[in-house]
Amino acid sequence: MLTLLLLANGIIMLAQGFYQNPVIRADVADPTIIRYGDTYYATGTSSEWAPFYPLFKSSDLVNWTQIGHIFNKQPEWTESSFWAPELFIYNNKVYCYYSARRKSDHRSFVGVAVADSPEGPFIDKGELITLGSECIDAYVFNDDGQLYISWKAYGLDPRPIELLCCKLSKDGLHLEGEPFSLIKDEGQIGCEGQCIFREGDWYYLLYAARGCCGAGSDYEVRVARSKSMTEPFVNYSDNPILKRSDDFLSCGHGTLVDTPDGRKYYLCHAYQHGAGFFMGRQPILQELVIGSDGWPHFLTGRLSTARQPMPFAGTEQKTFTEFRDDFKSNTLDVSWVWNYVYNNVKSETKGDGKLQLSGTPVKPNASAVLCQRTPSTDYNFAVTVANQGSSMRGLTLYGDNRNYVAFVVKNKKMQLLSVKDEKETVVFEAAIKQKSVRLQAEVRNGTMLKLGYDSGKGMQYITTEAYDASHTVPWDRVARPGIISAVNAQGKEKPAEFADFRMWSQE
């Protein structure tokens with residue numbers, strides 16, 4: 001097996017009976033969750049990273065394993081901005097409603113794909129909602145056989161945002177009738193990432209308000225209710241029902257799942273405070289109950305709390321220890337991602353322990369990158385650069401093509417490169433003669449880098465002080481660790497070769 005995720009040893013994070021949020025310790029914003037039999041599946045935003053919408057699986061809601069992606073190939077109608085997927089089970093089919101930017105006019109709309117099981121393959125059925133200047137954040141609700149789809153509208157228009165809704169055809173692929181309003185953002189604090197459920201005589205609408213992204217994020221979860229799907233929902237007078245805490249900077253945009261015994265769990269994303277911010281928007285899980293006042297509340301209160309009661313007895317929460325890829329498989333591990341907006345990455349493994357990485361540029365000065373999601377605030381990652389050439393090859397902490405750090409070898413030189421707003425600075429440079437060299441990055445507090453190399457004489461560090469790479473964070477994403485090479489469109493030299501990638505936690 002290619003992946004050597006060493007979770008089998010089972011490090012118990014807390015005393016039995018409790019788990020620690022986030023339950024998926026990775027940047028997976030806007031999560032959606034379903035139960036298929038006794039198994040849970042989740043996916044979330046992939047933004048400008050490919051493949052599209054990472055797919056996770058769990059038997060206990062607490063321990064999750066990535067098993068693939070909704071799309072390995074980009075849907076034909078799309079351009080970029082793969083946000084907010086929503087999984088839905090109906091008539092023995094699994095649907096994925098997703099938001100993406102349309103390449104014909106660069107506007108974000110809702111598409112749909114269908115599979116026979118949550119593990120795919122998903123077959124794209126194209127665009128579904130294309131109204132106005134933007135439609136995102138779809139959610140589908142089955143009201144006794146009548147399907148409804150809701151979405152965020154008017155987010156780019158000079159008017160209040162609304163959550164709109166429309167009847168959906170029985171095959172789940174077409175709108176029927178005219179859209180109607182569920183709720184309007186009269187306070188102009190934001191309104192998105194909704195989900196709907198029914199309890200007794202009431203329809204409840206959970207949604208996210210305020211700012212979703214970045215260091216100043218203040219996302220929170222609110223609720224409204226109505227006696228009918230087709231009548232406006234009325235906000236709870238004591239909103240929000242979930243908000244920032246000492247554990248999390250912000251929280252919101254999620255969906256509910258029922259356990260076999262009828263309990264409800266809400267999976268949304270949250271930023272951690274401090275260095276944890278650099279792990280991105282990570283999925284957190286909390287139980288939802290209906291209070292004596294007839295409104296939904298979270299079991300542990302309105303503060304988004306890390307420590308939560310374990311959903312199922314006998315469960316032990318495991319934590320990340322190590323990922324290792326020896327490149328001895330003919331296929332890449334499903335956890336690798338690349339930024340498709342800037343280059344068409346070509347990666348090839350032949351089962352000989354070597355990975356060749358190159359690409360064709362989509363935009364000028366692009367680099368080919370393969371990255372992993374950040375596993376913790378304190379971790380190391382390393383790779384062996386197996387050949388040298390006139391183009392760079394090495395390690396990277398990568399936000400996007402405009403902002404990243406790279407520790408590379410090039411033209412018999414070792415370099416630390418910092419790219420900020422597309423401007424490149426050579427922070428360090430030294431001669432190196434060896435064709436093969438192992439590069440290592442030690443990350444502390446999310447972005448502080450200590451860099452070293454081993455050319456056969458043991459690890460040697462290039463600087464005594466850590467380098468601050470906090471500029472590598474785009475607005476809605478965080479930097480990811482991985483490997484990088486210059487794009488070589490002309491094919492004038494052999495592609496960069498890498499061996500034995502390893503990433504391990506220091507927490």
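Strand 20 (residues 264–272) is mostly covered in this predicted model, with nine of its nine residues buried; buried means under 20% relative accessible area, exposed over 50%, and partly exposed in between (1.4 Å probe, protein chains only). Strands (E, at least two residues) and helices (H or I, at least four) are DSSP runs, numbered from the N terminus. Residues are numbered from 1 along each chain as its sequence is written. The model being predicted, local features need pLDDT of at least 70 and side-chain atom pairs count only at pLDDT 80 or more, while totals for chains, interfaces and linings use all residues; side-chain values use heavy atoms, with hydrogens and water left out.

In a regular strand the side chains alternate between the two faces of the sheet. From strand 20, Lys264, Tyr266, Cys268, Ala270 and Gln272 point one way, Tyr265, Leu267, His269 and Tyr271 point the other way, and all are buried.

Strand 20 runs antiparallel to strand 19 (residues 248–258), to which eight bridges join it; two strands pair if DSSP finds at least two bridges between them. Tyr271 of strand 20 is the bridge partner of Ser250, and Lys264 of strand 20 is that of Asp258. Strand 19 is also mostly covered, ten of its eleven residues being buried. The hairpin of strand 19 and strand 20 has five residues between the strands, and Gly262 in this hairpin takes a positive phi near 95 degrees. Strand 20 also pairs with strand 21 (residues 282–290), in the antiparallel sense and over seven bridges. In that strand, Gln286 stands opposite Tyr266.

Elsewhere, an open sheet of four strands has the order 11-12-13-14, with antiparallel pairing. Strand 11 (135–143) and strand 14 (175–184) stand at the edges with a single partner strand each, so one side of each is left without a neighbour in the sheet. From one strand to the next the twist averages 25 degrees, where axes are lines fitted to C-alpha atoms, for helices over the stretch in contact, and angles run from 0 to 180 degrees between N-to-C directions. Strand 11 and strand 12 (residues 146–153) run antiparallel and are joined by seven bridges. Cys135 stands opposite Ala153 in strand 12.

A search of the whole structure finds 26 aromatic pairs. Rings of Phe, Tyr and Trp (its six-membered ring) pair if their centres lie within 6.5 Å; planes under 30 degrees apart count as stacked, over 60 as edge-to-face and the rest as tilted. The ring centres of Phe71 and Tyr98 are 5.2 Å apart and the planes are at 75 degrees, so this pair is edge-to-face. The pair links distant parts of the chain, 27 residues apart, with Phe71 in strand 6 (residues 65–71) and Tyr98 in strand 8 (residues 93–102). Both Phe71 and Tyr98 are buried.

The pair of Phe323 and Trp336 is likewise edge-to-face, because the ring centres are 6.0 Å apart and the planes are at 80 degrees. Phe323 lies in strand 24 (residues 322–325) and Trp336 in the loop between strand 24 and strand 25 (338–339), 13 residues apart. Phe323 is buried, with a relative accessible area of 1%, and Trp336 counts as buried at 1% relative accessibility. One aromatic cluster is formed by Phe52, Tyr53, Phe71, Trp77, Phe82, Tyr98 and Tyr340.

Charged groups also lie over rings: Arg159 is over the face of Tyr154, at 3.7 Å from the ring centre, and Arg225 is over the face of Trp202, at 3.8 Å from the ring centre. A charge sits over a ring if NZ of Lys or CZ of Arg is within 6 Å of the ring centre and within 35 degrees of the ring normal.
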